[in-house]
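Student: Hey, can we go through this structure together? I'd like to start with one residue and then zoom out.
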Amino acid sequence: SDNRADSYLYIAECYRNLKSYASARTYALKSATERPDDGNPYIMIGDMYAASKNCGSTDLEKKAVYWVAVDKYYQAKQVDPDVADIANDRIRSYSVYFPPKEDIFFHNLNEGDDYVVECWINEKTTVRAAK
């Protein structure tokens with residue numbers, strides 16, 4: 001129901017403000033389950049991923065959070081055309097922070113490889129270079 005979806009999103013927002021990102025993500029996903037055509041939970045998760053600069057020790061690991069963030073923004077606009085402008089804006093803003101090609105090669109990776117972002121995120125994504 002919409003009420004439940006709104007409540008879960010509100011709880012997610014509260015956890016996000018406390019920087020309890022894992023709990024916030026849990027409630028954002030509950031909201032998305034209640035209202036599958038709402039992209040806002042994915043925008044929120046993307047924003048939390050992008051804010052997780054403390055994830056990783058190498059420069060590449062720190063920048064890998066932008067890969068999963070951008071994945072969430074794509075997911076947001078896929079389910080909800082109403083958030084497409086916000087999502088596209090974020091995709092443009094954060095794609096510039098992708099690691100440069102040299103960094104990717106230095107870490108023995110190639111564009112298109114699978115990559116798991118560790119930390120609290122723990123999500124699989126695709127290696128991409130900054131354009």
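Student: Leaving aside neighbours within four places in sequence, which residues is Arg-16 in contact with?
Tutor: Arg-16 is in contact with Tyr-21, Ala-24, Met-44, Asp-47 and Met-48, where contact means heavy atoms within 4.5 Å. Keep in mind that this is a predicted model, where local features need pLDDT of at least 70, side-chain atom pairs count only at pLDDT 80 or more, and totals for chains, interfaces and linings use all residues. Residues are numbered from 1 along each chain as its sequence is written, and side-chain values use heavy atoms, with hydrogens and water left out.

Student: Where is Arg-16 found?
Tutor: In helix α1, which covers residues 2-17. Helices (H or I, at least four residues) and strands (E, at least two) are DSSP runs, numbered from the N terminus.

Student: OK, zooming out. How many helices and strands does the chain have?
Tutor: Six helices and two strands. Starting at the N terminus, the order is α-α-α-α-α-α-β-β.

Student: What box do the C-alpha atoms fill?
Tutor: Roughly 50 × 30 × 20 Å, taken along the principal axes.

Student: What share of the residues is buried?
Tutor: Buried residues make up 40% of the 131 in the chain. Buried means under 20% relative accessible area, exposed over 50%, and partly exposed in between (1.4 Å probe, protein chains only). Arg-16 has 24%, so Arg-16 counts as partly exposed.
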